[in-house]
Each structure stands twice: as structure tokens, then as C-alpha cells.
Amino acid sequence: MHKTVDVSVDAMLEDLRTLVEIESPSRDLHALTASAEAVAAVIESRLGGQARLIASDAGPHVHWSAGGDPTVLILGHHDTVFPLGTLERRPFAVEDGHATGPGVFDMLGGLVQAIHGLATLDDRSGVEILVTADEEVGSRSSRALIEERALACGAVLVCEGAAEGGGLKTGRKGCGTFQVSVTGRASHAGLEPAAGVNALIEASHQVLDIAALGRPDIGTTVTPTVASAGTLDNVVPAEATVIVDVRVESADEKDRIEAAFAGLAPHLDEAEIAVQGAVSRPPMPESASAELFAVARRLLPGLEGTAVGGGSDGNFTAALGVPTLDGLGAVGGGAHADHEYLVTGAMAERAHLVAGLVNARQNAAEKESLRDR
């Protein structure tokens, strides 16, 4: 049963300060190790038991289990997009109802709220927490572990930051990154321009072809974002690279886009093209969240849900058919930006919302177990 006790916002802010002040940029293994140890310490302090650090080539993931038959997975990440030194320029602070600092909204605040919400439950059996180290860079190291624990638990609560206005994220686009590498042939731009194969011109053709793949009318966006070419101003460029961001709403569009990139062909004689990448996060359809969102609406009437363009690890679990509800973390905004903030006045409500969803999931699992006897 869910206790009728409150959570302490001051205690949550204390734990949030602890996590924010240990910077955790993706791919920095030393920093991520310190961050994982801090996350584990907060979990153990508030919930008891032992949080296990799982080594990976992307940094340590943190896993905690209350024991018993798995029923619900609390999912998050402790890596951030901010480089070391950001904290010095933008230290943790609480002022005028906002907490600020690198990672408060995406997504350290959500982790803290979930942990404190779970602490209000008398019975935490069946609950697992998984906090990964590489979500911001594609979850290549953690995906198999995420999928394993999601299937074992049968329901996933993702503590990423809330949608605008505090709504939950009931659907997400699939997303991925492609890199198109062009190989041409260098020559002197003044003496023998025709002897070369201009990789920059070929890349320009490819950018136009790639941009034409978008279908915004059905939610598919294909956006060239970074390009590089050439070495010197008097040399026909022999190499060029284009990086492309892709977002899709359906599995059919995922297949279409991946096939289109695989089929890109050069426009210039003797130019060569190589493509890497995929839509690595499958779409999260709103049907995956419907059951859990209905429970959330009963717990917090008037709560809104929205489909968003960004991806999370919830995309992986939803694609497996595991009920998944996202955006349960901090209310705030400015993810990945210097104005990132968390609304402190919403922290207690969100903590209790996670606790209520866990309690409802436990009750449903218990009823199902009784029926099976």
C-alpha cells in the first residue's frame, strides 16, 4: 500500500545538488564512474539494499532491485551533454522556485524524484531501478540490458523530463543519425581543376537528395545538420562528410528511410559514397503508453499527455511491446541548454505520481498472480 506521507523537497534538492555537482559528460569514463557511485549512494541511502554498478565501455550503469518477482522498471540515465567545467560557469542554485545547473532537468531531477517517491512505499517488492551511462550518445552499451530488464519487469516508467507544461510523454518519434562520406580526387584548383573529382560538389548533390526524403506531413523529418569538406582553398576537395538527423513516427517510415540512405548514388563520375547509421531508436507509439497513462490520469486528474519528437530509452522498451510511460521526471525545461531549469514546486507531486504508478502496478501484478493460482 502507498503510505500517506509526504516527501521532503529540501531532501530532494539536497540529493539533486549532490548529483549535479558531480559532472557526468557522456563518454568521460572517470567522471561517469564518480557519477554512478553517487547515484548508487543516493539510492542506497533513501531505499536501502545495494545498488550494483555494471561496467561497460560507455561507463558504469547502476541497477537496484527491491527483490521479489519483477513488476516495474524505473528507467533513467546519469550521463549529461555538458562538458567538464560547465558547473563552474553555471553552478547548482535554487532561486525563485527554480533549480538550475547542468542536468537538473535532463534528467537528474527525475531520478531524485523517483527515488524519493519510492521511499514513500511500505512495500517496494518487484521494483527495479536502472540508471544508464550512455543515453545521450545512443545507448549502444546499455540497450541490451534495458531490454532485458524491461521484459522481465513487464512495465517501464521513464523519468525523463516532462513535456512542456508538465505533461507526460505518451509517444516519441524514432530517431537516428546517418553519416554520408564522399570520396573524390584532389587536384590543383587553379592549374588542373578538371583533373579532380570535387567531393564538395558531390556532397551538395547528396544534401539535396537527402533533404527531399523528408515527409513532414506524416511526421518524418530528414535534416542535414553538419557538413565538412576540403583542406586548402586552392585544392579540389577529395573528401566530404554530411551528418543527418532523422525522425520518424512509424516502423514503415523507418524502413523507407534506411533503404533510401542505402540506395544513395553518386552524381559525379568517379565519386564514391559510403553511408553509416540507422534509425537506431524505434518509434514509441502512443498505444504503448495508453494503459499506464490512464492510471496516471486517475492519480492526477487533468494531467496531459503528448507525443514528442525526441527519443529516449523508452523507445526501446515500447518497441518490445512492454507498456511504457515517459516524461515522469522533472517539470521544467531547457534540456541541453544553458537556461535548463527544474520547477521545485512540482517535485513532490511528481514523486508521488511515480509512487502511485508503482503501487498500481504492484496491485495489478498481485491480482494477476492470484488469478493464475
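Modeller: A definition to start: a crossing is left-handed if the near helix is turned anticlockwise from the far one by less than a right angle, and right-handed if clockwise. Helices (H or I, at least four residues) and strands (E, at least two) are DSSP runs, numbered from the N terminus. This is a predicted model, in which local features need pLDDT of at least 70 and side-chain atom pairs count only at pLDDT 80 or more, while totals for chains, interfaces and linings use all residues. Residues are numbered from 1 along each chain as its sequence is written, and side-chain values use heavy atoms, with hydrogens and water left out.

Colleague: OK, at what angle do H1 and H4 pack?

Modeller: Helix H1 (residues 9-20) and helix H4 (residues 104-118) pack at about 135 degrees, with their axes 9 Å apart. Axes are lines fitted to C-alpha atoms, for helices over the stretch in contact, and angles run from 0 to 180 degrees between N-to-C directions. That angle makes H1 oblique to H4, since angles under 35 degrees count as roughly parallel, over 145 as roughly antiparallel, 65 to 115 as roughly perpendicular and the rest as oblique. H1 passes H4 in a right-handed crossing.

Colleague: And which residues of H1 meet H2?

Modeller: Ala11, Glu14, Asp15 and Leu19 of H1 meet Ala38, Val39, Val42 and Arg46 of H2, where contact means heavy atoms within 4.5 Å. The crossing of H1 and H2 is right-handed.

Colleague: Switching topic, how many cavities are there of 30 Å³ or more?

Modeller: A search of the whole structure finds two. On a 1 Å grid over the protein atoms alone, a cavity is a set of points where a 1.4 Å probe fits but cannot get out, and a pocket is an open set with protein on both sides within 12 Å along at least five of seven lines; lining residues have an atom within 4 Å of a point. The largest cavity has a volume of about 50 Å³, a volume being the space filled by probe spheres set on the points, with grid points joined across faces, edges and corners. Among its lining residues are Leu19, Val20 and Leu108.

Colleague: What lines the second largest cavity?

Modeller: Ile74, Leu111, Ala114, Ile115, Ile129 and Val131 do, and H4 gives the largest share, three residues.

Colleague: And what is the volume of the largest pocket?

Modeller: About 730 Å³, with 30 lining residues, of which Glu135, Glu136, Gly138, Cys175 and Arg281 lie nearest its centre.
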